Amino acid sequence: MKFGLISIFMTALALGCSAESFKLTDNGKTVCSIVVAPNAGPAEKHAAEELAKYLALTSGGELPGIGTVPQRGTYPVYLKKIKDPATGEQGFRITAKKDGLTVDASEDCGILFGVYDLLKKYAGARWLVPGKDGEYLSGKKTISIPEGCYTEQPDFRFRYYLPPVVAWNSPRWDSWDWCLRNGIRIDEFSGIVNMPSLKAGLKKRAAIGLNGSHCFSYLLNGRGVVNKPTGKYPTGKYETYVNQLFAEHPEWFPLINGKRVPIYHCGGEPQPCTSNPEVIRRFARHIVAIQKASPPGSIYWFMNNDLPKWCECPECVKQDPPEEKAEGIVSTRYWKFLNAVLKEVRKELPDVRIGAVTYQNYSMPPVGIKPDTGVYNLMLSNHRRCWKHRLDDPSCPTNKWYLNYNRVWDRMGIPIYTWEECYVFGESFLPNEKAVVETLRFYRKNMPNILGFRTEVVCPDGIFNHGRGTFLNKNNWYMMWQMMYLSAAFQWKTNQDYDKIYEEINSLYYGKAWAGGMREFRRLLEEAYFSSAGCWGYGHSVMTGKFFDRIGLKEKLNAALDAAEKAAALDPDPRALSHVKRDREFFRKTWLKNYQDYLENFRDIKAYPLRGKIVIDGKLDEPDWKNADIVTRFKHPDGTLAKYQSQARIAYDSENIYFGIEMDEPAYNKMKAKITQHDGSVWEDSTIEIFLNPPILGGTYYQLIFNKNGVLFDGIKSPGARSPDPLFESNAVMKSSYRNGRWIAEIRVPVRPILGTPLKPGEVIKINIFRTRLISGEKNSEFSSWSASMPHNAEVFHPVSFASPPVAGGRFLPDPRLWRNGAFRETTRKPVIPAHWKWVGPVPSAWYLSSAKQYGGEGAYLADEKNPALHFVRLKSGFIFQLHKIRTPKIKVVCKVRGKGTVSFEAVQYSPGMKKNLGHMVIRKEQLDDLENWKTLTFEYTRPGAPDEEQSFLLRPRGTVDIAEVYLTPVEPEK
């Protein structure tokens with residue numbers, strides 16, 4: 001523990017201003033006693049023990065006495081359970097008068113929350129992370145309470161955490177205590193609450209019992225009911241019992257592909273026949289039996305078997321409205337079933353607590369029916385939230401969809417809490433605490449029926465399942481401890497002072513290191529995370545390594561950590577230094593590692609269409625620049641990093657490509673800029689150059705050179721030509737500015753002079769950006785580019801995919817590119833290599849190897865010896881393919897090939913949703929007889945099938961074939 005100054009927050013108190021106060025400890029001496037009722041339960045007694053313990057630890061005095069009457073000569077502190085609507089289910093009232101201090105509450109958990117609130121407000125106790133490592137006490141010798149009374153209830157009723165990864169029956173006393181001390185309810189499955197080794201401790205902590213979860217098979221078959229109390233089924237084994245039920249009543253079980261099938265467990269199995277009246281009654285009877293055998297107040301979590309497959313019998317299917325049927329949604333069916341089951345259960349248990357869920361293919365609100373508003377709570381488990389943008393940010397397509405989704409459910413009138421997979425913040429060491437707090441405030445202000453927040457977090461004191469006790473898992477809580485603490489605090493009261501609490505807890509945790517460097521470290525992390533392009537959330541995140549892709553960030557972060565370590569070494573609390581060192585290790589294993597992975601595996605750059613308008617003024621202050629990917633780490637021609645770094649962004653509309661380029665420049669006024677004439681020898685100045693190579697042009701490319709005054713040379717260079725032809729006119733425009741030691745160039749390049757047509761999503765253009773730094777008075781020049789090559793080598797220009805706008809609506813945000821990884825520059829971290837393949841090297845992402853055994857293959861992922869930046873696949877048998885999203889009737893193909901044999905280009909057609917193979921067509925077959933030199937192929941084909949049908953593009957070799965830079969682009973019909 002730590003003794004020191006801890007500010008006591010008084011803003012939440014409703015105590016009157018009185019000169020009188022009442023001492024619990026006096027100059028290190030205990031002067032109070034704690035009084036509980038003669039019939040006090042385990043939770044009240046535990047609250048008394050906790051109050052006594054921390055008063056003594058803080059003041060250095062003896063433990064206050066605990067009894068059913070006050071000790072003579074002491075100031076009594078009464079812990080009382082009462083029935084008072086003002087305190088609600090979880091709130092409390094604290095009253096300080098001459099004759100004693102009283103903590104009143106209607107429920108056990110309220111008594112505990114009241115005691116911990118008392119300790120935090122008046123004794124200065126803080127519990128930042130689970131266990132002794134997170135316990136900070138003020139060391140106040142005299143602890144007193146001002147006269148008055150205040151009552152508190154939490155702003156959010158449903159405040160829960162769920163621990164993934166660890167064993168379900170792990171004893172987690174440190175984590176459970178942290179939850180209670182910070183106002184979080186403990187809810188655990190009833191099997192844990194009733195475990196002999198855990199039961200007494202969880203009862204002391206007022207734990208709530210949970211039943212259900214993925215439960216439909218068990219509710220149908222009566223698992224956990226039929227085998228009580230003997231533990232045996234009538235037929236012995238559970239599976240045999242289910243088979244007997246199925247033989248006697250197949251109509252209870254799901255009809256799948258025209259056949260009734262038995263279901264045993266609740267994992268990957270379909271749902272029973274939910275339209276059958278007897279199934280409804282069986283579910284209800286079994287829920288009643290389970291709830292009666294569970295701890296009082298237990299909640300039944302009504303959730304499907306973990307598979308989005310539902311009964312296909314006519315009675316079930318006819319419950320689906322046409323609009324749901326077309327989308328494969330069963331929301332109406334789920335709610336009809338739940339409403340009917342709940343009606344039956346209430347006949348015997350009128351006050352039953354049934355928790356509903358939105359999940360899988362019943363995430364959307366039902367059509368034509370209203371959910372029963374007597375549902376105890378509804379968990380929104382749709383994880384399509386972006387945490388990098390505010391929930392109400394209109395420029396974020398993910399949150400635009402998610403906000404509307406929440407609003408629709410909020411209007412249903414059911415108490416709601418959201419399920420947030422926040423443990424993924426910890427996995428990447430992301431500073432997400434303020435975004436979580438802003439979300440809680442938004443819900444409180446705008447959505448009256450959203451009353452809770454459940455997050456997953458890996459408990460550090462859990463027993464880890466086999467193979468799951470990794471460094472990142474064991475440290476998950478510590479890697480996002482600020483988010484955990486602040487989310488708990490603001491779930492209790494959203495109107496607190498965020499900055500004040502943030503400063504206090506970090507000053508405690510890091511000691512002298514907070515002001516000495518950690519504050520700056522966290523600020524830099526936040527800036528990099530929130531100002532980078534793209535969305536970030538569970539299952540739809542941009543690569544976290546991209547957050548690092550900005551000038552000088554790595555060096556600044558390491559410098560801040562260096563300074564923090566030096567400051568922490570001077571702190572009398574050794575935890576300060578250990579916390580800084582631990583954070584440094586987190587930083588190394590997440591941000592630094594992810595950045596290295598990004599550099600090694602990410603090569604394809606995406607440009608997004610404008611949502612607004614960009615004014616060419618050299619300021620880069622439009623929102624579209626914030627939403628653009630950043631590319632930095634410009635290199636010299638020998639591959640070493642440039643001393644003076646640059647970073648570039650790209651955006652587009654149908655008529656223009658926009659470049660925003662920022663360049664380190666300490667000597668802006670000395671940059672050479674003598675050329676004033678268009679198409680003059682601008683390359684003699686300090687310049688920024690843009691090279692554009694549409695793949696259809698082969699080695700021909702366009703070159704644009706700008707000096708800082710916007711003077712332009714533009715030309716087109718063909719293979720073999722000594723210099724670009726200046727007769728080409730791009731009509732490009734550039735404006736400069738200079739801010740904070742950086743030269744900023746904002747450029748607009750019209751596309752019609754380059755492509756001849758408007759720019760469409762799905763296009764790919766190979767681009768290089770090259771900088772020449774010439775400073776008057778300096779002998780040495782510096783040349784750098786984002787392709788780490790001499791500027792005129794079109795082979796190594798980076799492919800830029802002009803993507804569709806990011807869209808929301810799916811649980812996993814799709815890649816917006818119509819065609820992905822055509823240059824084979826991205827590789828997958830978790831390759832799937834079928835057993836019948838011989839494959840050497842990484843597997844290119846978005847590409848798949850033929851999976852059927854009869855198409856076993858042999859291949860490799862390689863880099864060209866002459867041009868190492870040119871990646872390709874070598875195929876000898878089998879085939880590779882990928883799906884694409886191109887919907888135009890015609891598709892253009894450009895690719896490079898070489899080899900001995902033939903390569904066949906084929907299209908495979910599927911019904912919508914990939915449900916049925918509709919055949920394939922051979923598009924083109926190319927004979928090859930040269931393994932040394934690349935051949936560029938360009939051709940078009942007519943897309944088979946209807947626009948809504950799925951398509952894959954397949955490459956099949958005969959002999960040895962090398963394939964590189966495969967680009968598919970849509971061909972718009974002529975008007």
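H14 covers residues 433-446 and reaches 20 Å from first C-alpha to last, close to the 20 Å expected at 1.5 Å a residue. Helices are DSSP runs (H or I, at least four residues), as are strands (E, at least two).

This is a predicted model: local features need pLDDT of at least 70 and side-chain atom pairs pLDDT 80 or more, while totals for chains, interfaces and linings use all residues. Residues are numbered from 1 along each chain, and side-chain values use heavy atoms, without hydrogens and water.

Glu926 lies in strand S39 (residues 917-942). Glu926 counts as buried because its relative accessibility is 9%. Its side chain makes a polar contact (N or O atoms within 3.5 Å, one able to donate a hydrogen and the other to accept it; residues adjacent in sequence count only if both atoms are side-chain atoms) with the side chain of Lys935, at 2.5 Å.

Two nonpolar cores follow. Each is a set of buried Ala, Val, Leu, Ile, Met, Phe, Trp, Tyr and Cys residues joined through side-chain atoms within 4.5 Å.

| Core | Size | Members include |
|---|---|---|
| Largest | 182 residues | Leu79, Leu119, Phe302, Tyr334, Trp591 |
| Another, apart from it | 38 residues | Tyr702, Ile747, Ile767, Val800 |

Beyond four places in sequence, Tyr334 is in contact (heavy atoms within 4.5 Å) with Phe216, Phe302, Trp310, Ala356, Val357 and Tyr362.

Notes: Buried means under 20% relative accessible area, exposed over 50%, partly exposed in between (1.4 Å probe, protein chains only). The expected span of a helix is 1.5 Å times one less than its number of residues.
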